[in-house]
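Let's look at how charged side chains pair up in a protein chain. Here is the model to explore.

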Amino acid sequence: CAWNGAKADTAGLEIRFVRYTGGTNGEMIVDVKNTSTRPRTFAAEGIFFVPKGDPEKAPQRLGAAGPFDLVQGKRRQEQSTISLQPGQVERLHLAVFCIDSHRSSPSASHRFRLGKKRLPKKLRNKIAEGTKRLIKTKGSAKRAKSAVQSHVWKSRNADW
């Protein structure tokens, strides 16, 4: 896949879609590259992915919520942000959740592109705060997955 030119408020960073694993929610695997001449920080909150294809028949968009995993070899490290040096590329596994409850769920066969902007600040803050609270209450991101999905849909529908 080619590097996505859309910036989504990630000045100096480009995101390349690698693959999606999941259905209604799952992992969006991406490579993040610092294309600038200075160190840049990446945070996933509020970025979202749009399925490619006919918009009238497309499944739900997927929004990042919660921490992501930095994968280096066999090691996975959960992080909220990552600093990238100029030219540095890192593979990240983002926890993503469907944000359009009125559409079908995507599958691993779908291809995605990065949304042009992050979700609106009020919505992304509401999703981020609720996600952090749910992860803390449930003890882990994995155990909170269903509750986070419900929270994302509820937050999005309230802002519809």
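Asp 100 and Arg 61 meet through their side chains in a salt bridge, 2.7 Å from N to O; the term means a side-chain nitrogen of Lys or Arg within 4 Å of a carboxyl oxygen of Asp or Glu. This pair links distant parts of the chain, 39 residues apart: Asp 100 lies in the loop between β8 (89-98) and β9 (112-114), and Arg 61 in the loop between β4 (48-51) and β5. Strands here are DSSP runs of E with at least two residues, and helices are runs of H or I with at least four, numbered from the N terminus.

The model is predicted, so local features need pLDDT of at least 70 and side-chain atom pairs count only at pLDDT 80 or more, while totals for chains, interfaces and linings use all residues. Residues are numbered from 1 along each chain as its sequence is written, and side-chain values use heavy atoms, leaving out hydrogens and water.

How many salt bridges are there by this rule? The count is seven, and here are three of them:

| Salt bridge | Closest N to O |
|---|---|
| Arg 76 and Glu 27 | 2.5 Å |
| Asp 69 and Arg 76 | 2.8 Å |

Asp 100 is buried at 4%, whereas Arg 61 is partly exposed at 21%. Arg 76 is partly exposed at 43%, and Glu 27 is partly exposed at 22%. Asp 69, at 18%, counts as buried.

Methods. Buried < 20%, exposed > 50% of the residue type's maximum accessible area, 1.4 Å probe, protein only.
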